[in-house]
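Subject: Structure handover

Hello,

Here is the structure for you to look over. My notes come after it.

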Amino acid sequence: MLAIVLKVLSILGIVLLAVLAVMLLGLALVLFFPFTYRLSGSKDAEGLRLSVKVNWLCGLLRVRFRYPAPGRLTAKALWFSLLDMKIPPEKTVQEETDSGPADAGSPSGKKASRKADSSKPSEPEAAEPAEPEAIDSEAVPAEAVPNAAKAANGPNTEGSPETGSEADPAAGSGEEGEGQTAQEGGPFGKISQKVQGIKYTIYNICDKIKGIWKNISYYMELLQEENTKQLAAHAFFRAGRILKGIRPKHVKVRLLFGTGSPDTTGYLYGAYCILSAPLGTGVCVTPDFEEKRLEGEFDIAGHVLVWTFVINGVRLFLDKKLRIFLRRLKTGRKKPAAA
């Protein structure tokens, strides 16, 4: 029994080790096997032509993109198609005007719908309610008129002037006081309230500006600290290493350009002459001082290692200066020291 258990455990261990080895092999391939890319195309009077190719594992995984329209984007692994997408060409103005009848949302469609609505017979209007006939005063007895007036005005309350009873002096004085305050304030009271509201708004805006200025001054001091300067230098160094790792290894560009103006063409060509040394001998630019044009062809190729991004990102993340900088950003504005 013990021998069977040990044999099963040994088989499980072998399977786990095989799975782990496959995972490590896949990770090593992703990190250290490069992705190769190639961009080629040309530009002339007829238009732009572009072709992009990306390969991995010697073409076992490949991505293709081509232009002009109709463009096409494909991705394949071995002989299996992972993606096949066609990009339709853009419609010109002439094609849009010639394509079928106008939609209902277009202005012409709206005009047609309005004409159709106007051709429909109009619905009959609802009859207005008849007004009540006036009561003939001659047909009504004289005694019924005061009673009808009393019923319309409602029953007299106690203490009203009609019954002759005394009114409440407190209620009358309150109404008179409200009327006096309204008359005393008048339009000037409303203007003073608006002025007070404007003052309150201005004070709030000033307080917010003061808080923002304090925060800005704090962040400016943070950026001028020695720790932040050293962190920025480290970040620029890592970014330079990444750009150096992904820059093209093969560059061939032939360009003929002209802006239509000799002076601006000369300025751009002078800028190219200044940058010609870093660009290398693969880039050749020819100016045209007479016509406005942009023609040429290019062929750029290189490779990218994922390990370049991983190692430089990890080294920057493990920098102690970065953690100090992020902690200072979270704390925000400096608090006043306790007395």
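Below are the ground rules, then the sheet, the salt bridges and a surface patch.

This is a predicted model, so local features need pLDDT of at least 70 and side-chain atom pairs count only at pLDDT 80 or more, while totals for chains, interfaces and linings use all residues. Residues are numbered from 1 along each chain as its sequence is written, and side-chain values use heavy atoms, with hydrogens and water left out.

**Sheet**

Eight strands make an open sheet with mixed pairing. Their order is E5-E4-E3-E2-E1-E8-E6-E7. Strands are DSSP runs of E with at least two residues, helices are runs of H or I with at least four, and both are numbered from the N terminus. Two strands count as paired if DSSP finds at least two bridges between them. Strand E5 (80-87) and strand E7 (283-287) are the edges, each pairing on one side only. On average, neighbouring strands are turned by 10° against each other, direction ignored. The axes behind that angle are lines fitted to C-alpha atoms (for helices, over the stretch in contact), and angles run from 0 to 180 degrees between N-to-C directions.

E1 (residues 35-44) and E2 (residues 47-56) run antiparallel, joined by 10 bridges. Lys-43 has Leu-48 in E2 as its bridge partner.

**Salt bridges**

The whole structure holds seven salt bridges (a side-chain nitrogen of Lys or Arg within 4 Å of a carboxyl oxygen of Asp or Glu). Asp-84 pairs with Arg-72, with closest N and O atoms 2.8 Å apart. Asp-84 is in strand E5 and Arg-72 in strand E4 (residues 71-77), so this pair ties together parts 12 residues apart in sequence.

Arg-293 bridges to Asp-288 at 3.2 Å. Arg-293 is partly exposed at 28% relative accessibility, whereas Asp-288 is buried at 13%. Here buried means under 20% relative accessible area, exposed over 50%, and partly exposed in between (1.4 Å probe, protein chains only).

Glu-46 and Arg-49 also pair, at 3.9 Å. Glu-46 is exposed at 73%. Asp-44, Glu-46 and Arg-49 are linked in a network of salt bridges.

**Surface patch**

Met-1, Leu-2, Ile-4, Val-5, Leu-6, Val-8, Leu-9 and Leu-12 form a nonpolar surface patch, with about 850 Å² of accessible area together. Patch residues have over 30% relative accessible area and no salt bridge; like charges are joined within 9 Å, nonpolar side chains (Val, Leu, Ile, Met, Phe, Trp, Tyr) within 5 Å. Areas come from the Shrake-Rupley method with a 1.4 Å probe; for residues, only the protein chains shown count as cover. Leu-6 sits in helix H1 (residues 2-32) and is exposed at 51%.

Best wishes
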